[in-house]
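Work through the exercises below with the sequence and the model open. Each task is followed by a solution in steps.

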Amino acid sequence: MMEREENGNEESDFYTAAAKYWEHIPPTVDGMLGGFGFISQTDIRGSTVFLKALFESKNAPSKTYALDCGAGIGRITKNLLLNHFKYVDLVEQNSKFLEVAKTCLKNYSVRIGSYYSIGLQNFCFTAKKYDVIWCQWVLGHLKDDHLVQFFQNCSMGLRPNGIIVVKENVTSTKHLEVDEKDSSVTRPLSQLYHIFQKSNLVCIKEEQQHKFPRGLYPVYMFALKPANAL
């Protein structure tokens, strides 16, 4: 019992520290990208190519509903998802970021469904389902067990032919790397593959993002489908 309580406290501290870190980050593109705001256009171009390839694939997802996970100030929603989907919802635990997102997206208000102010470890899908659930630079803030649970929830939140897209940093080594500053982890590819498998997800497409500056973590994009949907 004591061990379970200690683990619970550690997880709580992990999430609390991350929330406190982001409270002090300015609600700007540069803030969202850790001072690397200049890579935003390159990032969006890479994501656009990846997403278009998914639309051209067999049993492609529809272009009706998308969910932006860890949406921040709406950078991905505005520059990527709204170019391809009729409606977009955003989930972001930092309410300050969401308020800025509402301002940035005010011209698209009829196409924005809901703003969910909650951490992904506590997010539950309602009756609404999505064609694409986009998760970028946020899953490092989830512990492994919560990430598996989140992916399982995502699977139940997909429409027919729906896809989960993950775009994340990966380590250049085979080891997990912990960032104490923002309370996050960067996983090696092998660990991500293991988590996908444990979540009963199959990777139907994988691609590395190119043309980022040297010195940054490698960034990979994954398109995932529930194994029982193939």
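**Exercise 1. State how much space lies in the second largest pocket, and which residues and elements line it.**

Step 1. The second largest pocket holds about 190 Å³. A pocket here is an open set of points on a 1 Å grid over the protein atoms alone, where a 1.4 Å probe fits, with protein on both sides within 12 Å along at least five of seven lines; lining residues have an atom within 4 Å of a point. Volume is the space filled by probe spheres set on the points, with grid points joined across faces, edges and corners.

Step 2. Its lining has 16 residues, and Phe14, Lys143, Val178, Ser184 and Val185 lie nearest the centre. The model is predicted: local features need pLDDT of at least 70 and side-chain atom pairs pLDDT 80 or more, whereas totals for chains, interfaces and linings use all residues. Residues are numbered from 1 along each chain as its sequence is written, and side-chain values use heavy atoms, without hydrogens and water.

Step 3. H1, strand E6 (177-179) and E7 each supply at least two lining residues; H1 has the largest share, four residues. Helices (H or I, at least four residues) and strands (E, at least two) are DSSP runs numbered from the N terminus.

Step 4. By class, the lining has six nonpolar, three polar and seven charged residues. Asp, Glu, Lys and Arg count as charged, Ala, Val, Leu, Ile, Met, Phe, Trp, Tyr, Cys and Pro as nonpolar, and the others, Gly among them, as polar.

**Exercise 2. Describe the largest pocket in the terms of Exercise 1.**

Step 1. Its volume is about 1,200 Å³.

Step 2. Of its 47 lining residues, Trp22, Met32, Trp137, His141 and Asp182 lie nearest the centre.

Step 3. Elements that supply at least two residues each include helix H1 (2-23), helix H4 (75-79) and strand E5 (158-169). H1 gives the most, with four.

Step 4. The lining divides into 26 nonpolar, 14 polar and seven charged residues.

**Exercise 3. Locate Asp43, decide whether it is buried or exposed, and list its contacts.**

Step 1. Asp43 belongs to helix H3 (residues 40-55).

Step 2. Its relative accessible area is 0%, so Asp43 is buried.

Step 3. Leaving out residues up to four places away in sequence, Asp43 touches Arg75, Gln136, Trp137, Lys167, Gln209 and Phe212, where contact means heavy atoms within 4.5 Å.

Note on methods
Buried < 20%, exposed > 50% of the residue type's maximum accessible area, 1.4 Å probe, protein only.
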